[in-house]
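Biologist: I am new to this structure. Please show me how to read it.

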Amino acid sequence: MTSRPGSLDSPRFPRSSRYHPDWVRSNVSGGAHSLWLTEWLSEVVDLRPGLRVLDLGCGRGASSVFLHREFGVQVWSTDLWFSVDDRAQRIRDAGVEDGVFPIHADARALPFARDFFDVVVSVDSYVYYGTDDLYLGYLARLVKPGGQIGIVGAGVVQETPVDPPPHLRHWWEPSLACLHSPQWWRRHWSRSGIVDVERADAMDEGWRLWLQWQRAVAPDNEPEIQALEADRGRYLGYVRAVARRRHDVELDEPITSVPVVYQRQPLLVDDSPTAQRPVAPVPTPEEKA
């Protein structure tokens, strides 16, 4: 599946292999090859010219450029952590400013209208906010009924035990608890009643591509490289999930504030305008002494 050490070539992803490795490296914004993951996700998501796509948590925007160039979709390239001005320049340099629109926004405060998008994708980002039981309900409002939500990124092929496996302990940290298996994502989304889950699976031999990526862009990252070499796909890999918003479910607007009208009330039972409040006696000079 992989080629020479340090290479970003992969016959598994012919579309991605057309992009110059220096351009790919210059757009690194996470721990995975975003074009490989985007291409893998595109195999199970309906992408047609003119569709409106939200690329949520897009980093420096490589996935957004790829989606527009390869499939002709309009992309709202949205991220919180990376500069929107930098992303805008990258989009202009790629010659896709007519179809890729850079947005700076928090995934929990998105500035888009209800039912605006045909598709939402999230590449190696969704685990940072989407494990919240209520988040899918918030996000699904932005997709038209019948539209798709697709996520892809680092995960586990089976759920890890409460204590990480011994061969991963040198690398594991508490934040990695956000990594989940395809089965977990299927249940997590299905139990919401909002979507029909169409796909939840792990990439065949995905750990090898994860290892290839790390060796190519972060060869000094020995803890992660050693973890992947020791694990050999027992837990670590790439995971994707795709669901379609149901037509028969009406989604509530998110609660952003609770309107209240304040009216002053007595604090205590006997604290009313007609109640006689006890007056503390004034101490005599002898008592003060």
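Predicted model: local features only at pLDDT ≥ 70, side-chain atom pairs only at ≥ 80, totals over all residues.

Biologist: What radius of gyration does the protein have?

Modeller: The radius is taken over C-alpha atoms, and the globule rule is 2.2 Å times the number of residues to the power 0.38. A compact globule of 289 residues would come near 19 Å, but the protein has 26 Å. Its C-alpha atoms fill a box of roughly 95 × 45 × 40 Å along the principal axes.

Biologist: Which residues touch the most other members of the largest nonpolar core?

Modeller: In soluble globular proteins, nonpolar side chains tend to be buried together. A nonpolar core is a set of buried Ala, Val, Leu, Ile, Met, Phe, Trp, Tyr and Cys residues joined through side-chain atoms within 4.5 Å. Buried means under 20% relative accessible area, exposed over 50%, partly exposed in between (1.4 Å probe, protein chains only). Here the largest core has 82 residues, and Leu 54, Leu 110, Tyr 126, Tyr 135, Leu 139 and Trp 189 touch the most other members.

Biologist: What is the phi of Asp 115, and of Asp 124?

Modeller: Most residues other than glycine have a negative phi. Asp 115 has a positive phi of about 60°, and Asp 124 has one near 55°. Asp 115 is partly exposed at 28% relative accessibility; Asp 124 is partly exposed at 21%.

Methods:
Residues numbered from 1 in each chain as written. Heavy atoms only, no water.
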